[in-house]
Amino acid sequence: MAGKGGKLMTRLRGRSRVIGQITRALRLFVPMLGDVLRGRYRPVPWAAILWMLAALVYLVSPLDLIPDFLVLVGVLDDAVIVGWLLTRVDAALGPYRAWREGGVDANEDDASTT
């Protein structure tokens with residue numbers, strides 16, 4: 001029984017990591033858009049924007065892998081797919097996160113520092 005409890009805890013820790021990625025992506029995406037629109041951050045993270053767009057389209061689209069009228073399963077598939085898409089957003093925001101935390105000027109050309 002102790003082995004099963006250990007496996008459960010490992011799975012829960014893995015899920016908390018994913019939830020953390022989703023939360024981080026949602027918190028960072030809007031400030032990133034603001035920095036891009038104001039010209040403070042370049043290059044534009046197109047992958048993050050496209051992944052977020054895909055998540056929004058999937059949420060509002062009437063076409064689902066599993067229809068929402070199958071209440072529990074239909075909503076669960078939306079949560080899983082949108083969650084996965086948001087983890088992709090988080091991964092694509094890595095360079096922006098580093099720029100924001102490190103204060104590195106993303107507009108500088110690497111050749112100008114040599």
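This is a predicted model: local features need pLDDT of at least 70, side-chain atom pairs count only at pLDDT 80 or more; totals for chains, interfaces and linings use all residues.
**Entry 1: α3 against α4**

I started with helix α3, residues 71-92, and helix α4, residues 94-102. Their axes come within 4 Å and cross at roughly 50°. That angle makes α3 oblique to α4. Next I looked up who meets whom: Asp90, Ala91 and Ala92 on the α3 side, and Gly94, Pro95 and Arg97 on the α4 side. I sorted the residues of this contact and got three nonpolar, one polar and two charged.

**Entry 2: Asp90**

Is Asp90 buried or exposed? Its relative accessible area is 3%, and because the cut-off for buried is under 20%, Asp90 counts as buried. I then asked which residues Asp90 touches, not counting those up to four places away in sequence. The list I found is Gln21, Arg24, Ala25 and Arg97.

**Entry 3: salt bridges**

Side chains of opposite charge can pair when their charged atoms come close, and I wanted to see where that happens here. My count came to three salt bridges.

- Arg24 pairs with Asp90, with the closest N and O atoms 2.6 Å apart. Arg24 lies in helix α1 and Asp90 in helix α3, so this pair ties together parts that are 66 residues apart in sequence. Arg24 is partly exposed, at 37% relative accessible area.
- Asp90 also meets Arg97 through a salt bridge, at 2.4 Å from N to O. Through shared partners, Arg24, Asp90 and Arg97 join into one network.
- Arg40 and Asp35 form a salt bridge at 3.4 Å, N to O. I noted Arg40 as partly exposed at 42% relative accessibility, and Asp35 as buried at 10%.

**Entry 4: the nonpolar core**

I turned to the nonpolar side chains, which in soluble globular proteins tend to be buried together. How many residues does the largest nonpolar core have? I found 19, and those with the most contacts inside it are Phe29, Met32, Leu86, Val89, Leu93 and Tyr96. Helices α1 (2-37), α2 (46-60), α3 and α4 each supply at least two of the core residues. The largest share, six residues, comes from α1.

**Entry 5: Leu93**

Last, I picked Leu93, one of the core residues with the most contacts. Setting aside its neighbours within four places in sequence, I listed its contacts as Ala25, Leu28, Phe29, Met32 and Ala48. Ala25 was already in my notes as a residue that Asp90 touches.

Terms used. Residues are numbered from 1 along each chain as its sequence is written. Side-chain values use heavy atoms; hydrogens and water are left out. Axes are lines fitted to C-alpha atoms, for helices over the stretch in contact, and angles run from 0 to 180 degrees between N-to-C directions. Angles under 35 degrees count as roughly parallel, over 145 as roughly antiparallel, 65 to 115 as roughly perpendicular and the rest as oblique. Contact means heavy atoms within 4.5 Å. Ala, Val, Leu, Ile, Met, Phe, Trp, Tyr, Cys and Pro count as nonpolar, Asp, Glu, Lys and Arg as charged, and the others, Gly among them, as polar. Buried means under 20% relative accessible area, exposed over 50%, partly exposed in between (1.4 Å probe, protein chains only). A nonpolar core is a set of buried Ala, Val, Leu, Ile, Met, Phe, Trp, Tyr and Cys residues joined through side-chain atoms within 4.5 Å. A salt bridge is a side-chain nitrogen of Lys or Arg within 4 Å of a carboxyl oxygen of Asp or Glu.
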